[in-house]
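Please look over the chain shown here. A brief report on its fold and packing comes after it.

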Amino acid sequence: CADVANTYHHLGKTYSGMSQNEKALIFYGESVRINKKIGEKNALYTVALDMAQCATSCSHFQLAIDCYNDCLQGTESLDNKGTSAALVLQRMGEIQMNKLHKYADATKLLLDALEILRAVEDEDNVEDEDNDENQNIMSLVLLIAQAFASAKDYENSLDYYEEHIE
């Protein structure tokens with residue numbers, strides 16, 4: 001079963017590479033279904049992430065969000081689960097903000113991602129301001145400021161813009 005799921009995943013990637021995204025989504029979907037059934041969480045994360053990106057590229061935004069939710073199930077078994085979960089939440093937040101214009105949902109997802117990344121940074125005891133985690137945090141802070149501004153919550157927006165400048 002895992003081999004079949006992997007083959008479906010590669011078929012999806014191939015069709016996606018050929019810009020045949022609707023076909024790609026079918027194959028990705030089969031791979032996700034099989035990986036869920038057999039409990040292959042690492043594979044589920046990878047396939048669902050690819051499927052979400054494909055769905056986003058062909059404007060199936062709700063499907064992309066559903067796929068990102070599948071990714072979150074898969075992050076449990078990853079070595080870098082915090083960073084991976086934060087990435088998924090950030091991408092979901094970006095779709096909610098930029099494509100679906102659901103600013104409250106976007107803000108919540110982005111704040112959750114920020115909380116996770118800050119916890120990861122604290123665990124790693126990182127002081128270097130040029131590290132990847134700090135850069136990701138600063139990018140998220142800016143996105144959160146933009147989400148609050150889009151929601152017309154200017155006070156919170158200003159707080160996050162100020163944090164980004166510091």
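Predicted model: local features only at pLDDT ≥ 70, side-chain atom pairs only at ≥ 80, totals over all residues.

Residues are numbered from 1 along each chain as its sequence is written, and side-chain values use heavy atoms, with hydrogens and water left out.

The chain has eight helices and zero strands. Helices (H or I, at least four residues) and strands (E, at least two) are DSSP runs, numbered from the N terminus. Buried residues make up 40% of the 166 residues; buried means under 20% relative accessible area, with a 1.4 Å probe and protein chains only.

Helix α4 covers residues 61-74 and reaches 20 Å from its first C-alpha to its last. Its buried residues include F61, Y68 and C71.

The largest nonpolar core holds 42 residues, of which Y68, C71, L114 and Y160 touch the most other members. Nine of its residues, the largest share, come from α3. Such a core is a set of buried Ala, Val, Leu, Ile, Met, Phe, Trp, Tyr and Cys residues joined through side-chain atoms within 4.5 Å.

What does Y160 touch, not counting residues up to four places away in sequence? Its partners are L111, L114, V141, I144, A145 and F148. Contact means heavy atoms within 4.5 Å.

Methods. Expected span 1.5 Å × (residues − 1). Buried < 20%, exposed > 50% of the residue type's maximum accessible area, 1.4 Å probe, protein only.
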